There are 2 protein chains.
Amino acid sequence: MKRIKLEVAYDGTNYCGWQIQPKDITIEKVLNDNLTQLLGEEIKVIGASRTDSGVHALGNVAVFDTESRIPGERMAQALNARLPEDIIIQSSREVPPDFHPRFQDTRKTYEYKFYNAPYDNPITRRYHHFVYVPLDVEKMKEAARYFLGEHCFISMCSSRAQVTSYVREIYSCDIIQQGRYITMRVTGSGFLYNMVRLMAGTLLEVGRGKKEPEWVKEILESEERVAVGPKLPAKGLTLIGIQYENFEE
Amino acid sequence: MKRIKLEVAYDGTNYCGWQIQPKDITIEKVLNDNLTQLLGEEIKVIGASRTDSGVHALGNVAVFDTESRIPGERMAQALNARLPEDIIIQSSREVPPDFHPRFQDTRKTYEYKFYNAPYDNPITRRYHHFVYVPLDVEKMKEAARYFLGEHCFISMCSSRAQVTSYVREIYSCDIIQQGRYITMRVTGSGFLYNMVRLMAGTLLEVGRGKKEPEWVKEILESEERVAVGPKLPAKGLTLIGIQYENFEE
């Protein structure tokens with residue numbers, strides 16, 4: 001028996017998220033089905049980030065255990081030959097049997113993408129949240145700085161989140177403008193349920209001029225479920241990658 | 001009776017091109033059907049570029065004649081409310097009744113987009129042609145310069161093209177690299193059938209090191225149907241815009 005680690009990228013548009021649902025097509029289900037067929041034994045992957053319906057990934061991580069003799073680094077190619085074109089295994093390798101993709105220190109990076117322009121571009125619609133009102137990027141940058149460091153993020157998660165602690169550390173939160181494209185790129189020790197989409201929605205309120213940057217500070221200092229910006233649509237969100245801190249690669 | 005000019009953008013992925021086909025869904029058909037419903041009279045649009053199946057546009061042009069009292073500049077909004085999300089009318093306005101979108105001097109700009117990296121990104125797949133082999137961008141730039149000016153492009157069009165002249169003028173042909181994304185952006189007086197995709201395929205052969213930049217010069221000077229690079233897939237191609245030279249806007 002060996003444990004294989006996969007780096008997985010997907011266009012989430014046509015999937016009901018990562019986690020297996022009774023009736024819906026999910027990334028986890030597609031991986032399990034294809035690995036089971038490929039290896040001739042029942043495979044169940046364990047995912048690092050159970051991304052929501054419609055969210056994309058350029059570097060999610062999953063592991064599975066197998067009796068197969070296929071070398072770990074060959075699994076990616078074998079699996080890609082079977083997968084639909086909107087899911088790609090970027091790499092595969094054998095890891096120690098106690099490597100668990102969720103119960104370890106990690107740094108995760110997400111991007112939330114805005115298209116800030118008159119509604120004129122159907123090519124951006126699958127991966128960007130469209131905002132017509134011109135955004136004040138400098139104010140968004142100023143607001144984003146309040147996210148940095150360790151905070152209680154209870155205000156920045158959906159109430160159905162069941163966790164023992166709402167404290168997370170944000171290492172960086174950059175607002176990058178390239179013409180009409182504005183990206184919030186955030187790296188942290190972990191993220192609560194819907195946290196990135198709520199952070200992006202909060203910065204959006206600042207960018208639109210409805211709130212001042214200091215509003216973010218007030219929200220975080222309250223350490224309560226206070227009103228924040230809207231949860232923005234899934235399609236603008238991409239899990240860029242996961243770094244395992246104490247895991248030599 | 002008045003003539004309305006539309007600027008039309010679309011994600012071509014799910015359409016069999018612009019031109020009406022007996023059984024397929026095309027951009028022209030969707031526009032005709034929706035305009036006919038909106039205005040209560042039978043509308044037939046005339047398109048500037050009859051883009052191929054799967055090709056995208058950020059600025060195609062169409063005109064139609066109508067008895068409607070809706071002001072020209074209001075048509076865009078009224079029509080967008082009915083159109084599917086992958087077709088957008090960017091603007092609409094009344095033009096002189098003799099304005100024909102094809103029989104005038106124009107400058108058209110197209111982009112062909114490559115994703116030059118290991119196969120790791122399912123998010124690029126709808127709008128980019130994936131190339132694994134590292135491309136030599138400097139050689140592609142050198143090769144692209146031979147396209148500039150007036151040439152007989154008989155070698156750069158599919159044989160089913162029926163035209164009286166193969167001479168076209170290319171005003172600019174730039175190769176723009178942004179990390180893994182490489183774009184060929186070309187502006188010309190007009191383009192023959194499949195010409196942009198064949199130009200891109202020819203530059204690709206140079207970028208891959210299979211041919212030297214001077215090859216492009218030889219092809220053009222031959223003024224014959226000589227072997228060129230492959231016709232690249234439609235999904236990498238976007239019609240960026242059409243400028244009407246002798247038409248005041």
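Leaving aside neighbours within four places in sequence, B:Ala9 is in contact (heavy atoms within 4.5 Å) with A:Asp120, A:Pro122, B:Ala57, B:Leu58, B:Asp86, B:Ile87, B:Ile88 and B:Gln90. This is a predicted model, in which local features need pLDDT of at least 70 and side-chain atom pairs count only at pLDDT 80 or more, while totals for chains, interfaces and linings use all residues. Residues are numbered from 1 along each chain as its sequence is written, chains are lettered from A and ligands numbered from 1 in the order in which they are written, and side-chain values use heavy atoms, with hydrogens and water left out.

B:Ala9 is found in strand 1 (residues 2-10) of chain B, where helices (H or I, at least four residues) and strands (E, at least two) are DSSP runs, numbered from the N terminus. With a relative accessible area of 0%, B:Ala9 is buried; buried means under 20% relative accessible area, exposed over 50% and partly exposed in between, for a 1.4 Å probe and protein chains only. B:Phe147 stands 138 residues from B:Ala9 in sequence, and the two are 27 Å apart in space, C-alpha to C-alpha.

Two loop positions of chain B can be set beside this strand residue. B:Leu83 lies in the loop between helix 2 (75-80) and strand 4 of chain B, and at 9% relative accessibility B:Leu83 counts as buried. Not counting residues up to four places away in sequence, B:Leu83 touches B:Val30, B:Leu31, B:Asn34 and B:Ile89, whereas the C-alpha atoms of B:Leu83 and B:Cys173, 90 residues apart along the chain, are separated by 33 Å. B:Glu42, in the loop between helix 1 (27-39) and strand 2 (46-47) of chain B, is exposed, with a relative accessible area of 64%. Between the C-alpha atoms of B:Glu42 and B:Met75, which are 33 residues apart along the chain, the separation is 16 Å.

The aromatic side chains come next. Over all chains, the structure holds 14 aromatic pairs, a pair being rings of Phe, Tyr and Trp (its six-membered ring) whose centres lie within 6.5 Å, with planes under 30 degrees apart counted as stacked, over 60 as edge-to-face and the rest as tilted. One of them joins A:Phe147 and A:Phe153, a tilted pair with 6.4 Å centre to centre and 35° between the planes; A:Phe147 is buried, and so is A:Phe153. In chain B, the ring centres of B:Phe99 and B:Tyr244 are 4.9 Å apart and their planes stand at 65°, so this pair is edge-to-face. Because B:Phe99 lies in the loop between strand 4 (87-95) and strand 5 (106-116) of chain B and B:Tyr244 in strand 10 (residues 237-244) of chain B, the pair ties together parts that are 145 residues apart in sequence. B:Phe99 counts as buried at 2% relative accessibility, and B:Tyr244 counts as buried at 7%.

A charge sits over a ring if NZ of Lys or CZ of Arg is within 6 Å of the ring centre and within 35 degrees of the ring normal. A:Arg107 lies over the face of A:Tyr171, at 3.9 Å from the ring centre, and B:Arg107 lies over the face of B:Tyr171, at 3.9 Å from the ring centre.

Two packed helices are described by the angle between their axes and the distance between the axes. Axes are lines fitted to C-alpha atoms, for helices over the stretch in contact, and angles run from 0 to 180 degrees between N-to-C directions.

| Helices | Angle | Axes apart |
|---|---|---|
| Helix 3 (residues 137-145) and helix 4 (residues 195-207) of chain A | about 135° | 8 Å |
| Helix 3 (residues 137-145) and helix 4 of chain B | about 135° | 8 Å |

Helix 3 and helix 4 of chain A are therefore oblique to each other, given that angles under 35 degrees count as roughly parallel, over 145 as roughly antiparallel, 65 to 115 as roughly perpendicular and the rest as oblique. In chain A, A:Lys139, A:Met140, A:Ala143 and A:Ala144 of helix 3 meet A:Leu203, A:Val206 and A:Gly207 of helix 4. Helix 3 and helix 4 of chain B are likewise oblique to each other, and their contact is made by B:Lys139, B:Met140, B:Ala143 and B:Ala144 of helix 3 and B:Leu203, B:Val206 and B:Gly207 of helix 4.
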